[in-house]
Amino acid sequence: MLARTAFALLLAASVAYFVRFVYWRFHHPIQRVPPLRWDHPGERLWRVFCEVLLQTRVIRERPVAGLLHALVMWGFFAFAWVSAEHLSLGVRGLEAARPSDSWYGVFAAAWAVAVTIGILGLTFRRFVLRPAVLGPLSGTSAVVAALIVLLMTTYLLGWRGLEAGSAAWQVNWWVHTLSFLGMLVVIPQSKHLHLLAGPVAIFFRGRTTSGMRALREGDDDDLGMVRFTDLAPKDLLDLHACVECGRCTQACPANVVGQSLNPKEVILQMQRGLLAGGEVIAGTEEEAAAGKVWVTERDLFQCLSCGACEEACPVGIEHVGRKILDLRRGLVSEGRTTSDKVGELFTTMERAPHNPWGVSHEARRKFLEAEKFPFFDGTQEWLFWMGCGLNYDPHGQEVARAMRRILDAGAVSWGVLAQETCCGEPGRRAGNEYLYLQLSEKLVEVFQGKKVRKILTCDPHCARMFDADYRAIPDYESLGIEVQHHSETLARLLPSLPLEPVREAVTFHDPCYLARGRGLTAEPRAVLAASGASLIEMAHHGKRTFCCGAGGGQLYLAEDAPGHDRQRVNHRRFAEAAATGAAIVAVACPYCPIMLKDAAAYAGRDDVAVLDIAEILARRLRAPALSC
Amino acid sequence: MKIVVCLKQVPAKDSLLRVEAAGGWVRDSELSYEINEPDAFALEEGLRLKEKHGGEVVVACAGPARAAAAIREAMAKGADRGILVEDDAFIRADSFSTARALAAGLGGEAFDLILTGLQSDDLGFAQTGVSLAHLLGLPHATIIMQVEAQEGGLRVKRELEAGWFQHVEMPLPALLTIQSGINKVRYATLMGIKKAKTKELKRLTLAELGVTLAPRQTIRRVYVPQKTKRTELMEGTPKEAAAKLVEKLKFEARVL
Amino acid sequence: MSVLVVMEQQEGAWHKLSWEALAAGLELGRALGEPVAAAVVGEALDALETELAAQAVERVLSLRHPLLAAYTPDGYTTALEALIRETKAAWVVLPHTYQVRDFAPKLATALDCGLIPDVIGLRVEGGAPVFVRQLFQGKLNADVVFEGPPPYLVSVQAGAFRADQLQPGASPAPVERPAVALESKQIRTRPLERFQEAKRTVDLASAAIIVSVGRGIKGPENLPMMEELARALGAELGASRPVCDSGWLPLERQVGSSGQTVAPKLYLAIGISGAIQHLVGMKGSRTVAAINKDPTAPIFEVADYGIVGDLFEIVPALTAALKSSS
């Protein structure tokens, strides 16, 4: 009786403790908007099945540690029934114990061994190998490891080692029970809350990386993410789902080349600030040092918005669009940035011709005139949106020429705008919502006036704007515009193009905003294959691609390296591409070649060409037959 | 410090300028407009002085109705209120007329400091500020690269030619024309735009002010200069090409 | 209806643009058939008066006063306003210098007359001069005429009139020294010493001429050749990003979006192909010249002048040409 009462009290206390801490972590005054995402529920459930139950991401990023983790996690599921039975005994009285001879006992025992191997392996890694990315040694990890080992050994002892109901068995039962209840105490106040928050965060994660939210309609106080009260439900989930594994940081190009940005620390600092009752999230380094803010402007503005962190995260955290870029937006909207480069980008874009380089529209005008590009007037099917890269960069103009040849060979009906401004991408990614709102408003008017129905662009950044960011603008959304990146258009056109493939070794650099931001990796490869390329993949390819260094406005903000103290993102990426031995680095974004060619010049590798997939394909077009 | 910043709205720098059939002016219906760039530096300097010494920044403009947008933009960046002397004549008026209108528009209100940009990016007369100073009986200095308040007035840094500078001291009230690059201009923020909606913009007409414009000079005709902006390649041996380039740089481009 | 040219001097030395203003004044005088006088303002002007009197002018008017020793807009305006009213000069021609920009609009307002600044040409149509000046930063030209009664003030742009074609007068012109009525209380601003900024080792942002080199120079061993050209031009040496990344030149010499943004009078790009990241850093340059072996290099798209060829032959030739021409 005494034992049953003691058990009941302990159980109640543990559960109360658990609930209290979960409440402490999740009960904060936050926003309702944007709400949790429920679209595409099937896809989301499948994602949870793969990433949680099958542990695909955990294993993909770190095979050994991932497998060990999977053993522990699968063991937990296997133990659900064991634990239920174990606890029910506490209610029913230990005298009800019977020797276990069911098949399930054997099954659970096998898992107990697997879990023990898993947890000992992970403990060895964490406390002996001590990879730097895990950060300082964590006491709770040791406690949790000890509790798990205790749970497993006490289970094995209770299953076969001790006589059911004996005094030793009873002691063993109590040790197992206390270990179990101990987990209830430890989990909600540590990163082990990821057991609960992780799967939920995975379910509600965006379908592509780096997605930004629209400002709350009619809420004049919404200037971006400024205070902890600006968090949305998914943000709260994210902050508590973090398991501190550092996969994000390992994947972050800025961090890899030695900059201070550490996406894991951004999330953890936000978590600390939230739990400590902080008010404003981000500010200058001085403010951070004085304890007034939790995340620094400096770190935020190193982000390339490439989404590698989100792609690597095993628990569905959205570091970029929903945190870093939104925090930038908060700083910029209140005019609290101190970086001259950031200010220059905005003041440049504010003035005509409204492009991030501030270069005259004259160059584009001359180019269109010389090339006799058709102007879009609403009668053509496709608006070929050139984007600043194709408009102003000399290499971009080569890509535009190639596109022209292919589109005409494929009998596509297309035209370009006589005058283009920036769509607002670098401004918005760098945090200047006002600039974006101004530019998008004017552009939507143009699209309405010209009756645009389909947009084709070689720029995955623009494609992202028109296919995601702009969709929050009702006047734009009502136009029902279809958006294609040229890799999609070209892949679609392949059967109708007169091609003469030539075999050559090519490596493909997946643009972040195409592979992760749009989810496309097959289309550009299909285009390359049709042109005869034999593809040599880099280690970082597909959705795990490594940024060229241009994203998130960094092309214009420029890494401000005073000296040669660290690597540059583009140098690192180019070295990886050059190491494949391919003489051609194919790209599908106008900014990657700017960065990669710069790196090639630095490396003195004139022998490696950086070419857009359109240029490669256009070279394989058979010359048009002379018509009579 | 009570500061007035005079600004002008000009065709956006990158505008494609087409001369109207009569040749008297450009086809301005096709243009977009923005704050004259040197004036943006003057505004920034005014805002910085206000942030440092307190006071008020008032934006004054003589221009057509559309110029209100430039004043709104200035208010979004932090100016407190605006005055627009509204008339289409200001689109191509001479500086003398503009200065007289601005002097009248300020309506005898006492200010400590008046700032303007060095010159406008469209007409480029570079006179309005100095002329206004004379009309208001104020001392002035031009091409200013630094402004410091000191006991009894100002100490400013004037840019001279060939890398020389000069400090000049003067009493207040005074007028300064600001050189581009004196500071780093701030960007417009979402918060600023929201605040600007409630700020006061006073619109005045020439009739209300009792001013009749009497221009001292007029633009009779505008036209595209002969010089075509094509790259001119120097041919010949290296020696010949080099000599031709030096000749061109000296007498055509006049940069040596 | 006489013409008066106001010359500019600084501590006993002519501003060289003054001679171009004189050339413009003489041209205007010839076109209108009017006599041309020249004025100079300052304190001790003996040598300058003599030099000016040798020119083909009707007379030299020398405004001398201790309060005119240092330039002030109040002092100059007061003295010149009186002179113009006294001599009834109809056409006043000035060089478009920083100093003239500082006081001429005040002078015009005081005289209640017009000032057409920065003119690049003039012609007489139906007995009345028409002045040509640039609008929209040189994108358009305008013919501008005066309205109302004289006087009329004009300032001339550097390089628009040829000072090297001035002919000395047959005999020295008379020098007059009209009395200058000026009191110190009329002068409200107090000019202090002129100074130059403590010269930073590299100052691309304010450089008037920049010679910028790219990867086309092959290696750091070829830098001395480039430096010699820069010296001959009185230019600062700039570079593209790969040159600085490679450590051939320090980062503060880098022109482009990740380096300095420059706006010199002359930007000479040597062995620079012209990636957009570089172009944006130098797009404000008034004149661009480029030397590159590749005629299709994008830099030629933005250049006013170009030489296609081997830069290792052209650069020394250019240096020699510059040295022999000065």
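In chain C, the loop between β8 (128-135) and β9 (140-146) is where C:F136 sits; strands (E, at least two residues) and helices (H or I, at least four) are DSSP runs, numbered from the N terminus. Everything here comes from a predicted model, in which local features need pLDDT of at least 70 and side-chain atom pairs count only at pLDDT 80 or more, while totals for chains, interfaces and linings use all residues. Residues are numbered from 1 along each chain as its sequence is written, and chains are lettered from A and ligands numbered from 1 in the order in which they are written.

Back to C:F136: its phi is near 45°, a positive value even though the residue is not a glycine. C:F136 counts as buried because 20 other C-beta atoms lie within 10 Å; the cut-off for buried is 20 or more such atoms, for exposed 12 or fewer, with partly exposed in between and C-beta atoms placed from the backbone. Chain A has a positive phi as well, about 55°, at A:K372, again not a glycine. This residue is in the loop that runs between α18 (362-371) and β3 of chain A.

Next come the cis peptide bonds. One joins A:V33 and A:P34, with omega about -5°, and A:P34 belongs to the loop between α1 (2-26) and α2 (41-53) of chain A. Another cis bond runs from C:P150 to C:P151, with omega near 5°. C:P151 is in the loop between β9 and β10 (152-156) of chain C.

Chain A also has an open sheet of four strands, in the order β4-β3-β5-β6, with parallel pairing; two strands count as paired if DSSP finds at least two bridges between them. β4 (414-415) and β6 (482-485) of chain A are the edge strands, so to speak pairing on one side only. β5 (residues 454-457) and β6 of chain A run parallel and share four bridges, and A:I455 has A:V483 as its bridge partner in β6(A). Helix α25 (residues 486-493) of chain A packs on this sheet, touching β5 and β6 of chain A at about 85° to the direction of β6(A). Angles run from 0 to 180 degrees between N-to-C directions, and axes are lines fitted to C-alpha atoms, for helices over the stretch in contact. Helix α23 (residues 460-467) of chain A lies across β3 (382-385), β5 and β6 of chain A, at about 165° to β6(A).

α25(A) also packs against helix α27 (residues 522-530) of chain A, at an angle of about 45° and with the axes 8 Å apart. Residues making this contact include A:L490 of α25(A) and A:V527 of α27(A); a contact needs C-beta atoms, placed from the backbone, within 7 Å of each other.

Further along chain A, β7 (residues 504-508) has two parallel partners to look at. Three bridges link β7(A) to β8 (residues 533-535) of chain A, with A:E504 partnered by A:A533. Three bridges also link β7(A) to β9 (residues 584-587) of chain A, where A:F508 is partnered by A:A586.

Where chains A and C meet, 17 residues of chain A contact 18 residues of chain C. Helix α30 (residues 591-603) of chain A gives the most to the chain A side, with five residues.

As for chain B, it has seven helices and 13 strands. Its C-alpha trace spans about 65 × 45 × 40 Å along the principal axes, and 50% of its 256 residues count as buried.

Terms used:
Two residues are in contact if their C-beta atoms, placed from the backbone, lie within 7 Å.
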